[in-house]
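Here are my notes on this model. Please read them with the structure open.

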Amino acid sequence: MNAVVLPLVNAGTWAWGLLGASVVALFGQEFAPYVLYAIKTLILIMCIVVPLMLCVAYLTLWERKLIGWIQVRIGPNRVGPFGLLQPIADGLKLLVKEIIIPAGASKFLFVVAPMLALMPALAAWAVVPFSPELVLANIDASLLYILAITSMGVYGIIIAGWASNSKYAFIGALRSAAQIVSYEIAMGFALVGVLMAAQSLNLGEIVMSQDGRYGVLNWFFIPLFPFFLVYLISGVAETNRAPFDVAEGESEIVAGFHVEYSGMTFALFFLAEYANMILVSTLCSILFLGGWLSPVPLALAELIGLPWLAAGNAGWLFLKLFMVVSTFLWFRATFPRYRYDQIMRLGWKVFIPVTIVWIVVLGAWMQTPLWVWWK
């Protein structure tokens, strides 16, 4: 392994040194550190965004394959071996399709709305820790930052419905906005429970507060199980996924807020939905399932002669993320769409009261010796 890794590290160090010398020559000794910091940040951003876009593309393929298996059919299998080039074909198709802007639409807002939907889904990844060392911005209030930035995504949906100058799009936007706002309250209360248990707003510290010698038994999904369920189901509703996809009820409002969109403007809404699915699944893994921590206790790993299984790394986070995001796809293939009044009743009359009651229970539990999740 070292024979492969060391040359890459040496080559990277040499390239960075050459870049640093060039920047000093161009901008001088005074401004060179700032320019190098900006370049380093842009490189790290690309290292997150490019794999994320690939994951979004191939999540569409995994969804079609998984639902195909559940419904006893084949799924995409023509474009490339096993259909592996299908997401690329879909992207090219959307890229070459004409972008049609309705005559009565507000053209500027019509074009800006898809960007407003996608940008928060990408910006939130700045504070997501993939491992103790692998995080772009390790800020103290990282969870608060994610709540603030992701709440802006609803503006893209509202503006898209209004700017389209279509009653169907506007009705879909209003229904979607009401749903997102309603379930965001329940999701926020669920995260309050995580903050109480971890005593921190930092995502890395939240993960480390779930570290212990008992492996899975130290994770927060056990004492915070009602919050875990509320967060997972609210995440499905937040991303407008089935069975909560009333904004896109084709038989009722003809695909909802993006009914007037085509080509790449429609693709941006598509990308935002799947990027939000991956983000919600990642946060669920970090907050309740131990993040990058291994589910295998150290004593058990040493007993079976595989101590490396107990080591935490980004691979465990990706595995948990894959399992959680697959449940989103499973829900789509299993449950019928709820009526709008049922969705609102579930959010306001079930989830919010349950989370408030469990916050009180959790607060009392934490004051007793029975609370064993302290570090």
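Which backbone oxygen does the side chain of Ser142 reach? The points below start there. Keep in mind that this is a predicted model.

1. Ser142 contact. The side chain of Ser142 reaches the backbone oxygen of Leu201, at 3.4 Å. Ser142 itself belongs to helix 4, which covers residues 142-150.

2. Ser142 surroundings. Ser142 has a relative accessible area of 1%. Buried means under 20%, so Ser142 counts as buried. Leaving aside residues up to four places away in sequence, Ser142 touches Val127, Leu201, Asn202 and Leu203.

3. Helix 2, buried side. Helix 2 spans residues 86-96, and its buried residues are Gln86, Pro87 and Leu94. Viewed down the helix axis, they fall within an arc of 100°, so they line one face of helix 2.

4. Helix 2, other side. The face turned away from the buried side carries exposed residues: Leu92, Leu95 and Val96.

5. Overall fold. The protein chain has 13 helices and 0 strands. Its radius of gyration is 23 Å, close to the 21 Å that the globule rule gives for 375 residues, so the chain is as compact as a globular protein of that length. The C-alpha trace spans about 65 × 60 × 45 Å along its principal axes.

6. Burial and contacts. Of the 375 residues, 43% count as buried. Take the contacts between residues at least 6 apart in sequence: 76% of them join residues at least 24 apart.

7. Surface. The protein chain exposes about 19400 Å². Carbon and sulfur atoms supply 73% of that area.

Definitions and conventions
Residues are numbered from 1 along each chain as its sequence is written. This is a predicted model: local features need pLDDT of at least 70, side-chain atom pairs count only at pLDDT 80 or more; totals for chains, interfaces and linings use all residues. Side-chain values use heavy atoms; hydrogens and water are left out. Buried means under 20% relative accessible area, exposed over 50%, partly exposed in between (1.4 Å probe, protein chains only). Helices (H or I, at least four residues) and strands (E, at least two) are DSSP runs, numbered from the N terminus. The arc is that of the directions from the helix axis to the C-beta atoms. A polar contact is a pair of N or O atoms within 3.5 Å; within protein, one must be able to donate a hydrogen and the other to accept it, and residues adjacent in sequence count only if both atoms are side-chain atoms. Contact means heavy atoms within 4.5 Å. The radius of gyration is taken over C-alpha atoms; the globule rule is 2.2 Å times the number of residues to the power 0.38. Accessible areas come from the Shrake-Rupley method with a 1.4 Å probe; for residues, only the protein chains shown count as cover.
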